[in-house]
Amino acid sequence: MTFDINLLEPKEVSINLKLFKLYGFFHLFDPKSKKIGNFNIYHLVWYFINCVVGCLVIYGLIGYFIEMEDVIDIVYHVQLMFFYLTYSLCLLKIITFLYKANNIWDLLRVTDINFLTSTQSQTHIGILHKHRKKSIKITNTICGVGFMNFFEWTLYPLVLQLIQTEDAHQSNLRSENILNFRFPVTINYYNNNYIIFYLVESSIVMFLLYINVVIDIFFISICFIVIAQYEMIKRAYESVNNKLNSENNNENKNDFNINDCCDDLESIMKDQQKLFAMLKLFYSTYKFIILSIVVINSGSMVILTYASVVIFTSSQSMSILGVIKLISAFGYMLIVLFFVCYLLERINNKMESVHFGMYSCNWTSMNLRSKKMLLLSMQLNNANEFMIKLTPRKIVNLQLFNSVIVTCYNVLSAMLNTRTK
């Protein structure tokens with residue numbers, strides 16, 4: 001499949017094409033993109049953006065290593081820890097995508113509606129259309145949640161300043177900002193040039209939003225495609241030889257059906273191997289990102305749980321907007337972690353279900369050659385099974401997601417019990 005982002009129609013692919021075009025996603029991987037020398041101009045732009053954002057992040061960290069006029073409380077420390085974890089994940093994601101741009105472009109071939117070419121697979125194309133609709137709804141929703149987080153975090157300090165206009169001006173404190181970086185400047189200089197520091201932090205948050213949302217929804221889209229196509233292959237195997245009339249004694253018709261059966265099995269096997277090659281490419285590209293998402297999102301959720309307990313049990317009052325800001329960030333992390341674990345488990349289950357689809361076909365009436373070919377398909381399916389694991393024994397699935405939720409609950413329960421004594 002050759003992608004021409006100017007001519008490609010949404011109905012020709014099984015991803016949310018309109019959303020990805022809106023984000024300018026394809027320019028990073030398109031071999032036809034403008035180049036300076038041998039380098040993709042969009043890669044150079046993103047390398048420059050990464051350097052600028054990295055310098056700003058380091059500049060905002062310097063204040064931790066020098067003596068400052070003001071002292072920040074534990075909640076701000078926790079929020080900054082959460083930010084640096086999120087920034088590390090975003091940096092990892094964009095560097096991986098830039099480094100493996102050719103792999104991503106090759107992977108886009110699996111999004112073709114007609115990627116599976118066997119007749120039996122194409123008869124179940126409705127499964128792919130159904131998953132495509134579901135994928136578009138979910139990716140649009142996640143995109144909306146991401147933008148909601150962005151607006152909540154960026155508007156929070158502005159609204160807070162409007163609310164506090166009637167209060168006495170506290171010259172010994174810095175004005176509340178989005179991320180509250182520890183820039184190495186005096187309190188007076190920071191407050192007088194607040195708009196500059198606000199724009200710096202809002203640009204960093206926009207960077208985090210773009211990277212997180214685009215790469216997360218691409219992962220979800222590919223997972224839904226793979227799930228649907230494995231379901232199509234399973235149904236294709238189930239339909240093999242089911243129309244064979246074993247009671248018909250017409251030798252010519254039986255020979256035709258037997259040859260048809262062998263051809264069907266061969267074409268389905270080719271589809272299966274082609275899909276597995278794409279899945280292997282997908283896992284090799286995304287494996288490190290998936291493991292990082294699981295580790296960093298899990299850690300971030302525990303950190304935000306801790307921060308929430310500190311806020312609610314603190315004697316100092318905090319604006320309800322600040323609480324909503326933390327809850328929204330926790331919600332996005334929770335949604336992404338859930339879909340990572342859920343979709344990978346679904347892919348593993350669909351790969352196993354193909355085996356049952358092979359058993360469900362009318363194999364008893366096949367000739368010896370067809371039975372041998374079906375047996376070979378089973379052996380290939382067994383050989384091709386593999387899973388992404390966090391540890392040698394811990395698979396990335398819903399059980400892992402449940403473990404993270406239980407850990408957050410245990411942190412919440414333990415801290416509440418400790419603070420109430």
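**Exercise 1.** Which residues of helix 2 are buried?

**Solution.** The model is predicted, so local features need pLDDT of at least 70 and side-chain atom pairs count only at pLDDT 80 or more, while totals for chains, interfaces and linings use all residues. Residues are numbered from 1 along each chain as its sequence is written, and side-chain values use heavy atoms, without hydrogens and water.

Step 1. Helices are DSSP runs (H or I, at least four residues), numbered from the N terminus. Buried denotes under 20% relative accessible area and exposed over 50% (1.4 Å probe, protein chains only).

Step 2. The buried residues of helix 2 are H43, W46, N50, V53, G54, V57 and G60. Because they cover an arc of only 120° around the axis, they lie on the same side of helix 2; the arc is that of the directions from the helix axis to the C-beta atoms.

Step 3. Exposed residues F48, C51 and C55 sit on the face of helix 2 turned away from its buried side.

**Exercise 2.** State what lines the second largest cavity.

**Solution.** Step 1. On a 1 Å grid over the protein atoms alone, a cavity is a set of points where a 1.4 Å probe fits but cannot get out; lining residues have an atom within 4 Å of a point.

Step 2. The lining consists of F25, L28, I94, F97, Y210, I211, V214 and I215. Helix 3 and helix 8 are the elements that give two or more residues to this lining, and helix 8 has the largest share, 4 residues.

Note on methods:
1 Å grid on protein atoms, 1.4 Å probe; cavity = no way out; pocket = protein on both sides within 12 Å on 5 of 7 lines; lining within 4 Å.
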